[in-house]
Amino acid sequence: MRDYDVECIRCGARYAKDEIVYTCRACGGLLDIKYDYAHVDSDKIVKAPGEGVWKYRALLPFGAETVPVTIQEGNTPLYRCDRLGEALGLRDLWVKHEGLNPSGSFKDRGMTVGVTKAVELGVKGVACASTGNTSASLAIFAAKAGIPCYVLLPKGKVALGKVAQAMMHGAQVFSLLGNFDDALRVVRVLCEEESLYLLNSVNPYRLEGQKTIAFEAAEKLGWQAPDRLILPVGNAGNISAIFKGFQELKTLGITDTIPMMTGIQAVGAKPIVNAFKTGAPEITPEPKPETIASAIRIGNPVNAEKALHAIRSTGGLSESVTDDEITHAQLELARMEGIGVEPASAASLAGLKKLVEQGEIQPDERIVCITTGHLLKDPERVIEICEAPKEVEADVAALRELMK
Ligand code: F0G
């Protein structure tokens with residue numbers, strides 16, 4: 001079994017590998033998985049064969065004997081975006097499209113590790129609260145592992161494609177009368193009391209899988225970190241995980257630098273942006289988060305402490321964008337680069353655009369934007385904003401008449 005510690009980021013308290021714990025029992029701090037880096041062979045990362053999350057198992061909390069629960073997640077494309085870059089006045093822009101994971105979002109990276117851990121622990125079931133993607137992904141991995149899955153979704157606030165996935169893959173789906181933050185509060189208590197394994201991003205094993213976004217991005221750039229990494233922020237797990245991945249590469253001497261971590265939120269749900277801009281040590285939760293980007297409609301991000309550290313310690317930025325800016329960026333990505341993303345994912349591009357206009361981002365920076373979920377997850381807004389299909393007789397002349 002690989003040697004690692006589960007450690008509180010605030011007080012350093014340690015927990016056994018077979019203990020089910022999500023936040024520190026002593027001080028309430030978030031937990032992190034720590035390896036003995038002096039004994040990690042960097043060649044096992046740089047020269048590892050295969051592809052996807054498990055290629056990097058030298059930095060995952062399992063030994064060689066573990067059989068992963070996998071649906072071949074990860075190994076997503078990193079697109080160079082010259083047309084969009086030119087339009088924004090940027091010379092070196094890339095998009096890593098996490099929407100091309102098997103379930104259509106980056107959550108699969110966290111779930112392959114989280115559900116593998118669940119199986120190792122022998123839990124009787126797994127559960128999560130979700131704005132949609134987490135539930136879809138968890139349902140799939142639980143199905144693959146053959147364990148019961150319970151998901152709590154804020155009623156009327158989850159995109160149809162995501163609910164359909166959770167239902168289709170056999171999760172018990174609950175439509176909670178409240179928002180995501182309410183659902184997370186309830187599921188955390190449920191998991192304690194019913195001995196279910198919680199697979200929201202407060203679970204540190206989830207973030208171990210998600211940090212492989214950093215490994216893949218660096219690898220595709222010739223084992224170099226970009227200058228800046230931009231992504232949408234909801235519960236703030238992904239920005240924390242990707243930051244950790246880049247930290248590990250630097251610790252192992254594989255890369256020299258860590259990107260400026262830049263987190264984007266929607267104007268109606270921006271507690272991290274507020275804390276960043278005011279310099280407050282902690283976030284003030286937003287009681288009524290609102291945005292069309294339902295995936296990041298979150299007022300009380302559980303990983304805020306890790307995320308603020310990631311942004312501040314790398315000289316990064318945090319900015320908010322309006323729903324219209326999100327929609328516009330979604331259209332531009334689709335029409336200039338052929339990349340179809342859900343609204344939350346487009347927040348990263350919308351934020352990039354705003355920060356360039358503000359002069360906060362330099363034209364020659366090498367920038368990687370993470371687009372977190374696929375267009376087909378949430379097409380409602382697309383149908384509203386795009387020109388409707390024109391009805392036409394089955395006749396060429398009639399068709400030509402209607403063509404522009
Ligand atoms: N983008 C998409 C498409 C998401 O689904 C999420 C989170 C995020 C960005 C934000 O990532 O929470 O790590 O900061 N969705 C969660 C869910 C909350 O339940 O599916 P984060």
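Q: In which loop is Asn75 found?
A: A quick note first: this is a predicted model, where local features need pLDDT of at least 70, side-chain atom pairs count only at pLDDT 80 or more, and totals for chains, interfaces and linings use all residues. Residues are numbered from 1 along each chain as its sequence is written, and side-chain values use heavy atoms, with hydrogens and water left out. Helices (H or I, at least four residues) and strands (E, at least two) are DSSP runs, numbered from the N terminus. On that numbering, Asn75 is found in the loop between helix H1 (43-46) and strand E4 (78-80).

Q: What is the phi of Asn75?
A: Most residues other than glycine have a negative phi. Asn75 is not a glycine, yet its phi is positive, at about 55°.

Q: Is Trp223 buried or exposed?
A: Trp223 sits in the loop between helix H8 (212-220) and strand E10 (228-232). Buried means under 20% relative accessible area, exposed over 50%, and partly exposed in between (1.4 Å probe, protein chains only). Trp223 has 14% relative accessibility, so it counts as buried.

Q: How are H10 and H11 oriented to each other?
A: The axes of H10 (residues 271-278) and H11 (residues 304-313) come within 11 Å and cross at roughly 45°. Axes are lines fitted to C-alpha atoms, for helices over the stretch in contact, with angles from 0 to 180 degrees between N-to-C directions. Angles under 35 degrees count as roughly parallel, over 145 as roughly antiparallel, 65 to 115 as roughly perpendicular and the rest as oblique. H10 and H11 are therefore oblique.
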